[in-house]
Amino acid sequence: MSKIYLCGVRIDNLSMEEAVRRGLGKKVAPCVAFTPNAVMLDACRREPSLAGLLNRADLSLPDGFGVLAAAARKKHPLRERIAGIDFGEAILEKASKEHLRVFLLGGKEGVAKTASERLSQKYPGLKVCGVHSGYFPKYGEENAAVLRQINEAKAAILFVCFGFPTQERWIDENLPALPHLRLIAGLGGSLDVWAGNVKRAPKPLQKLGLEWAWRMAHEPRRLKNLPAILRSAFLS
């Protein structure tokens, strides 16, 4: 099965290789990629309009083992977990080899710049053509100025890291003003990880599906998401 629906949200059943190929393969208009996790799906269950927002993406990738577990219970197992940050890194690796220009948008002042510097060291040949913090009005002249900056930088790839659902709404509303992109993806807190401000869980915990527990232990503010994660056992 190429896709399933959970809480009204389409989830594409792809490998990472297929997701990257589709993400960069659209020629006419930007490919929009979202990465729903259990917390996002729980929000969509309570507010169906959010499911409609997510379903306007060209790519909807399963971020989290709660999503995979729910799909398995529906007898439609997904091929693999594709966390937003892992998808982003796979795209960056491809971009560094194909000389595709990348713009990083989000985080506090200075975070995107630091992330850019660290990513450029990790992926030789990567061209980050611009950065901007996520702290600006998402409407009016200041928003228009950010859009101009992205277009003038001739970005092919734009990572938007505002968090759900702000980033998805911003992408949906501003997509027509960004016609030259090949890919635009909402990647939540990825910039903080790339900047070195937040550490990901060790690989063994990631493989066990316990990255969420690691993040809560190290970022207590995320404890508010615990009820939604526990409810992921009953997603449908």
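Because it is a prediction, local features need pLDDT of at least 70 and side-chain atom pairs count only at pLDDT 80 or more, while totals for chains, interfaces and linings use all residues. Residues are numbered from 1 along each chain as its sequence is written, and side-chain values use heavy atoms, with hydrogens and water left out.

Let us start with strand E8, residues 183-186. Helices (H or I, at least four residues) and strands (E, at least two) are DSSP runs here, numbered from the N terminus. In a regular strand the side chains alternate between the two faces of the sheet. E8 is covered on both faces: Leu183 and Ala185 are buried on one side, and Ile184 and Gly186 are buried on the other. A residue is called buried at under 20% relative accessible area, exposed at over 50%, and partly exposed in between (1.4 Å probe, protein chains only).

Phe164 and Pro165 are joined by a cis peptide bond, with omega at about 0°. Most residues other than glycine have a negative phi, and most peptide bonds are trans. Two residues have a positive phi without being glycine: His99, at about 60°, and Lys154, near 55°. His99 sits in the loop between helix H5 (84-98) and strand E5 (101-106), and Lys154 in the loop between helix H7 (140-152) and E7. His99 counts as exposed because its relative accessible area is 62%, and Lys154 is exposed because its relative accessible area is 62%.

Now turn to the helices. In H2 (residues 38-46), the buried residues are Ala38, Met40, Leu41, Asp42, Ala43 and Cys44. Asn37 caps the N-terminal end of H2, with a side-chain oxygen 3.1 Å from the backbone nitrogen of Val39. Another asparagine, Asn143, belongs to helix H7 and is buried, because its relative accessible area is 5%. The side chains of Asn143 and Trp170 are joined by a polar contact of 2.7 Å. A polar contact is a pair of N or O atoms within 3.5 Å; within protein, one must be able to donate a hydrogen and the other to accept it, and residues adjacent in sequence count only if both atoms are side-chain atoms. Leaving aside neighbours within four places in sequence, Asn143 is in contact (heavy atoms within 4.5 Å) with Phe136, Pro137, Lys138, Trp170 and Asn174. Further along, helix H9 (residues 190-194) contains Val193, which is buried because its relative accessibility is 18%. Val193 and Ile85 are 108 residues apart in sequence, yet their C-alpha atoms are 8.6 Å apart.

How many salt bridges are there? The count comes to 13, taking a salt bridge as a side-chain nitrogen of Lys or Arg within 4 Å of a carboxyl oxygen of Asp or Glu. One of them joins Arg81 and Asp63, whose closest N and O atoms are 3.9 Å apart. This pair links distant parts of the chain, 18 residues apart: Arg81 is in the loop between helix H4 (65-73) and H5, and Asp63 in the loop between strand E4 (59-60) and H4. Arg81 is buried because its relative accessible area is 19%, and Asp63 counts as buried because its relative accessibility is 16%.

Other salt bridges lie within a helix. An α-helix has 3.6 residues a turn, so residues three or four places apart point the same way. In helix H5, Lys97 and Glu93 are four residues apart, about one turn, and their side chains meet in a salt bridge (3.6 Å, N to O). Lys97 is exposed, at 59% relative accessible area, whereas Glu93 is partly exposed, at 38%. Helix H6 (residues 111-122) holds Glu117 and Lys113, also four residues apart, and the closest N and O atoms of this salt bridge are 2.6 Å apart. Salt bridges that share partners also join Asp42, Arg45 and Arg46 into one network.
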